[in-house]
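Open the model in your viewer and keep the selection tool at hand.

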Amino acid sequence: MKRIIHLTDTHLGYENLSSVMRDLVTRIIFTKEKAGDYIIVITGDIVEDATKDGAYDEALAQINRLKRAGFHVLVIPGNHDYGTGSIGYSGYVPAFKQAFYGSIDVQYPIKTIIDNIAFLGLDSMAEELHWYDRLFAEGQLGEAQLQRLDNYLSHDEDVKNAEYRVVYLHHHPFSPRPFHHLKDSDDLGKILKAHKIDMLLFGHNHDGLVWSGKWGIPRVYDGGTSTGKQGKPSPHRVIDLSKHPAFDYDAKF
């Protein structure tokens with residue numbers, strides 16, 4: 001059974017966090033000898049400011065180190081990956097897709113099937129980049145993306161036949177901070193509660209808390225900030241879906 005390592009909010013480009021990330025990746029590589037047994041899920045805010053020249057370069061270098069070592073790596077964008085964090089730009093949507101997926105034609109949710117686990121990655125900035133709402137750090141999935149998510153869970157044979165289903169996104173769906181919240185969290189919750197979801201992963205608030213049981217999902221994890229931005233919690237959770245959640249642990253890479 002493949003295990004999952006949850007990383008998020010690395011904010012590469014902020015102060016010394018690129019160096020912290022390089023050390024983090026080195027520790028993951030050298031402490032997990034059977035890299036192919038692990039899936040690393042990175043839930044957005046990979047970089048601090050996408051508007052800076054070469055902003056994605058260090059992130060891609062570290063992700064490629066993990067891939068070359070044999071790890072499966074899944075990523076989705078956060079608000080900082082499309083702009084400064086408080087101002088988003090639609091032009092960075094294709095730029096992110098090309099950089100991290102190799103194609104601008106990728107559509108969210110991103111479906112990935114690895115062994116008996118179905119992963120569905122959401123873009124929580126999908127409807128937050130219009131001229132009238134691209135300010136601040138809010139998120140919105142949008143009706144079209146939510147409908148595709150429901151279709152995957154209801155009708156896609158790969159997803160339905162998987163033993164486990166994992167949904168991951170950037171914005172925190174349960175903590176409605178002003179100018180920070182996921183606007184259509186209730187709509188997401190209605191869909192997820194109607195299906196068997198084994199784990200929900202996200203970041204954004206840098207709290208690193210456990211919300212398990214929400215929406216009937218046994219594992220619900222806020223990944224904090226994996227590089228410890230501004231001294232915030234940085235859990236590096238390692239998860240085995242075939243075991244009870246009590247066996248999930250912080251590897252402290």
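Select helix α3, residues 92-101. Its buried residues pack against α2 (57-69) and β3 (72-76). Helices (H or I, at least four residues) and strands (E, at least two) are DSSP runs, numbered from the N terminus. Buried means under 20% relative accessible area, exposed over 50%, partly exposed in between (1.4 Å probe, protein chains only). Contact means heavy atoms within 4.5 Å.

Before going on, note that this is a predicted model: local features need pLDDT of at least 70, side-chain atom pairs count only at pLDDT 80 or more, and totals for chains, interfaces and linings use all residues. Residues are numbered from 1 along each chain as its sequence is written, and side-chain values use heavy atoms, with hydrogens and water left out.

Which residues of α3 are buried? Show Val 93, Phe 96, Lys 97 and Phe 100. Look down the axis of α3: these buried residues fall within an arc of 100 degrees, so they line one face of the helix. The arc is that of the directions from the helix axis to the C-beta atoms. An α-helix has 3.6 residues a turn, so residues three or four places apart point the same way. Now step to Gly 102, which follows α3. Its phi is positive, near 80 degrees.

Next, the sheet. Select β4, β5, β6, β7 and β8, which form an open sheet in that order, with mixed pairing. Its edge strands are β4 (110-114) and β8, each pairing on one side only. Two strands pair if DSSP finds at least two bridges between them.

Zoom in on β6 (residues 164-168) and β7. They pair in the parallel sense over 3 bridges. Val 167 has Leu 200 in β7 as its bridge partner. Move on to β7 (residues 199-202) and β8: they run parallel too, joined by 4 bridges. Here Met 199 has Arg 219 in β8 as its bridge partner.

Stay on β8, residues 219-222. Which way do its side chains point? Arg 219 and Tyr 221 point one way, Val 220 and Asp 222 the other, and all are buried.

Finally, zoom out. The protein has 6 helices and 10 strands. Its C-alpha atoms fill a box of roughly 45 × 40 × 35 Å, taken along the principal axes. Of its 253 residues, 54% count as buried.
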